[in-house]
Structures are given as structure tokens and as C-alpha cells.
Amino acid sequence: MGSISTQGLRKAFGDVQALDDVTIDVPDGSFFVILGPSGAGKTTTLRAIAGLERLDAGTVRLDGLDATKADPAARDLAMVFQSYALYPKRTAFDNIASPLRARRTPAAEITRRVDEVSALLHIEKLMKRRPAQMSGGEMQRVALARALVRSPRAFLMDEPLTNLDLKLRVEMRTELTRIHRSLGGTFLYVTNDQVEAMSMADQVAVLKEGRVQQVGTPREVYERPANSWVAAFVGNPRISLLPCRAEGTRLVGDGGWSLPRPRTGAAGDGQPLLLGLRAEDVSLDRRDAAAALDGELYALEPLGDRTVVDVRVGSEVLKVKARPSVTGRPGDRLTVSVDLDRAHLFDAGTGLALT
Ligand code: ATP
């Protein structure tokens, strides 16, 4: 068993409200990601769950039982940090074995478990090396192995891939999902990298300034963002948010453009809105003349498998995903087709999604 739930966590450091009513439910066996920018309160949430932070208010439940005041060791959680925190003088084997030795596990059992977890992480060849003889990525794997060698109630991981180069980070994402599947435990994982969250999570909680903005599957968060901030934080290229207002059957942009009003998004006439368009939901191919915007080419960003075209529409810049072969010069006139069924509307004042 390994469910974790928090209710109304609050924590202030001086005048910084690090946690402002954080409530999350991490189901047993899930890969749950807390996603948010630097300073959002992710580490503080994890530390509170681990019992390393004294809370101003709120409760932490582990497997349904109140653990708010429980000793960190009694919570039976394994934590992996972005700094590897390996013992420098010990070999990889001894580093990985240390949590088992601390629990006075018999030697044969230790060897069996360390062999098992090092095979899982493909680090069998490193067992006799000390940290100074390993690369950053290898140390990171050893640190992970040391957490995984036990069978705790849950694994808490604080940006464990941050120090790896991009290629290794991408590999480790796949590895971690594989490891999660084969071990079957609860993973609570903290990151500021939305790609990491989107690719690994069963469920993601998006955190900003100590407040949970939305909880859902990566798909829900991407396709039905609760507010314009979540819409902009999740997705690359960033969603374009165009200020506008509803006028009868049309949306009229502050920059002078106009489009038919999308079916979703109940808004009163004149209400200040943001129209959210993802780059893949707009196109330079003429698809539907009824939902088209005229603009001019502002910049091209070739990305290999596609090119992102920045199109200036009135006073705004709209990002459009296009074929890699697209060409043009700044100032060229373009028409952008808009898939209105996939458009998002937000209240410009509160940022909340209108459904
Ligand atoms: P990062 O991604 O940069 O690690 P985070 O989302 O994990 O950020 P936290 O480390 O939880 O954020 O910090 C939340 C807020 O609380 C920040 O504004 C931070 O400066 C502040 N904070 C955290 N720990 C302390 C502390 N011990 N003393 C003072 N302020 C703190």
C-alpha cells in the first residue's frame, strides 16, 4: 500500500507563503507528478509529506492514516534528491546497500536486492566504482538504485534528472516509467519540466505560488487547462493567448482581427477574453475560410521535424506549427486557418477557462 493525501497544507517562510492550501491525492501505485515553476512550493510539499517540514496548518495522510505529526523514519518513504548525496568513499555497491545495512538485512539478501536493482538500472558494471569514478548520469542512477533497493511505502523524487544532459534525461524518463511499471510502487515526482511531467505522469498537479491550479491526467491538463496560466505553462511551443471580446456571433480581437465565436466558452458581450490557440490547432493550409486570420510572417523557427512560424496578427504574435519545408521572409502576407473546435477561451480578468 502507498497512498498519500494532503489536505490544506499551509507553510509560510517569513512573508513568503510557500504553501497556500495544498490538497492532493496520490493513489496507491500511481506515478504522480507535481509540476510548477521555480519557487512554486514543490520541494516544500515533498518535505512536508516526508515529515521534514513543520507545517502551519493541514494534514498529511499515508494509507488513510493521519501522519501529520509522525516521525520522518516512521513514514517509511524513500526520497531521491537532485543532488545525489552519495557517500564519496563508498563503492556503488556499498552506497546502494546502505539503506539495507541500516536495517540489518542479512548479507545474502543485500546482495540479491542490490543485484536486482542494479540490473533494473543497467549499472551492474559500476558496482566497484566510487562516485569520483562515475559520470553525473551514473551517479544519478546509483542514487536512484539506493532509493529503489528498499520497498518503502512510496518514493518521493525531487527533480532527480535535473543534473543530467538532455540526451540522458530523455533516456531516464523512459527508464523511470519502465521501472515504475516493473516495481509497481507509488512514485511522487516533482519537476519544473513540463515535458517530463507530460511524458511520465499518470496524474499531474500543477502548482503555482503554493496553490494547486489543476489536477488531472497530462492529457486533461493539456487539452482542458483550468486557466490561462496552466495553458501557457504546459505545451511547447507556448499557446498563443490573444486578447479579444465577444460581439454577437463573433470574437473581435483587440488587435483588429475577428473570428466566428467558438461553440464553447459562454461569455457575455463585451467581456474581456483571451482566445487560446495552440500551434497545432492553427495552420497555414487553407482549411476553413470561415475561421481564418490574416497576418504577416514575423519569424521562422525550424525544429527539424516541423517549423514553428510566428505570424503577426494585428498587434499579437500567433505561433503556427507548419511543415519543415515552409519558407518565407518577414513581412510576407499569410492567412492562418483556425480550428475553432479546439480553441480555448479564458476570462481575461480571472484567467479562468470558460466552458
Ligand atoms: P524549485 O523548483 O526552485 O526547487 P520549488 O517549487 O521546489 O522551487 P520551494 O523550494 O518549495 O519551491 O520554495 C517555495 C518558496 O518558499 C520559495 O519562494 C522559497 O524561496 C521559499 N522557501 C523554501 N524554503 C525556505 C526556507 N527554508 N527559508 C525561507 N524560504 C524558503
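**Two helices side by side**

Reply: H2 and H3 are oblique to each other, because their angle is about 125° and angles from 65 to 115 would count as roughly perpendicular, with those over 145 as roughly antiparallel. Keep in mind that this is a predicted model. Helix H2 covers residues 92–102 and helix H3 covers residues 107–120, and their axes are 10 Å apart. As for handedness, H2 and H3 make a right-handed crossing.

Now for who touches whom. H2 brings Phe93, Ile96, Ala97, Leu100 and Arg101, and H3 answers with Ile110, Arg113, Val114, Val117 and Ser118. Sort that contact by class and you get seven nonpolar residues, two charged and one polar.

Stepping back, the chain splits into domain 1 (4–225) and domain 2 (232–347). Their C-alpha centres are 38 Å apart. Where the domains touch, five residues of domain 1 are in contact with four of domain 2. On the domain 1 side, four of these residues are nonpolar and one is polar, with no charged ones.

There's also a ligand to look at. Around the ligand you'll find a shell that includes Phe13, Val16, Lys42, Thr43, Thr44 and Asn192. Strand S2 (16–26) and helix H1 (42–50) each give two or more residues to this shell, and H1 has the largest share, with three. By class, the shell has seven polar, four nonpolar and one charged residue.

Definitions and conventions
Residues numbered from 1 in each chain as written. Predicted model: local features only at pLDDT ≥ 70, side-chain atom pairs only at ≥ 80, totals over all residues. Domains from an automatic or database assignment. Contact = placed C-beta atoms within 7 Å. Nonpolar A, V, L, I, M, F, W, Y, C, P; charged D, E, K, R; others polar. Axes fitted to C-alpha atoms, helices over the stretch in contact; angles between N-to-C directions. Helix = DSSP H or I, 4+ residues; strand = E, 2+ residues; numbered from the N terminus. Parallel < 35°, antiparallel > 145°, perpendicular 65-115°, else oblique. Left-handed = near helix turned anticlockwise from the far one by under 90°. Near = placed C-beta within 6 Å.
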